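Please study the display before working through each solution.

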Amino acid sequence: MSDTRDADYFNAKSQGALPGHLGIRFTSVSREQVHSELTVAPIHMAPNGFLHAGTVVTLADTSCGYGCVLNLPGQATGFTTIELKSNHLGTAREGVIQCVARLAHAGRTTQVWDAVVSHQQTGKTLALFRCTQMVLYPK
């Protein structure tokens with residue numbers, strides 16, 4: 001059975017919520033990988049003039065979360081993030097940052113996703129991210 005939840009579906013779902021407010025765009029979505037990006041703007045910066053870590057984490061976490069949605073078991077009602085970790089290796093002041101999120105584990109009760117955030121123009125890795133999602137079921 002094919003899933004009709006594609007990049008356009010998740011872009012529309014993001015509107016009116018934090019991902020839409022930040023300008024996150026999804027370019028490719030599958031059960032194994034989610035690709036997203038955002039154009040760096042003043043709203044993404046910390047007061048020190050560098051890209052805010054929360055911007056990077058939101059890009060990665062949202063990408064992993066939407067991938068999790070595509071992998072939920074049939075009886076599941078949703079998921080919640082129970083752990084996340086981010087190693088920040090660089091920053092950006094302009095251009096486009098992109099994220100590639102990859103499924104590492106799809107279990108009945110948990111999923112683990114890894115993501116790499118990089119600068120599109122330079123190819124420089126900005127962050128390595130991992131999160132664990134707990135799959136939720138009806139009581």
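**Exercise 1.** Of the contacts in the chain with a separation of 6 or more, what percentage comes from residues 24 or more positions apart?

*Solution.* The model is predicted: local features need pLDDT of at least 70, side-chain atom pairs count only at pLDDT 80 or more, and totals for chains, interfaces and linings use all residues. Residues are numbered from 1 along each chain as its sequence is written, and side-chain values use heavy atoms, with hydrogens and water left out. A contact means heavy atoms within 4.5 Å. Among contacts with a separation of 6 or more, residues 24 or more positions apart account for 61%.

**Exercise 2.** State how many helices and strands the chain has, and give their order.

*Solution.* Helices (H or I, at least four residues) and strands (E, at least two) are DSSP runs, numbered from the N terminus. The chain has three helices and six strands. Along the sequence, their pattern is α-α-β-β-α-β-β-β-β.

**Exercise 3.** Locate Asn71 and decide whether Asn71 is buried or exposed.

*Solution.* First, Asn71 lies in the loop between helix H3 (53–70) and strand S3 (78–88). Next, apply the cut-offs: buried means under 20% relative accessible area, exposed over 50%, and partly exposed in between (1.4 Å probe, protein chains only). The relative accessible area of Asn71 is 9%, so Asn71 is buried. Finally, list the neighbours: leaving out residues up to four places away in sequence, Asn71 touches Arg31, Leu103, Gln111 and Trp113. For the whole chain, buried residues make up 41% of the 139 residues.
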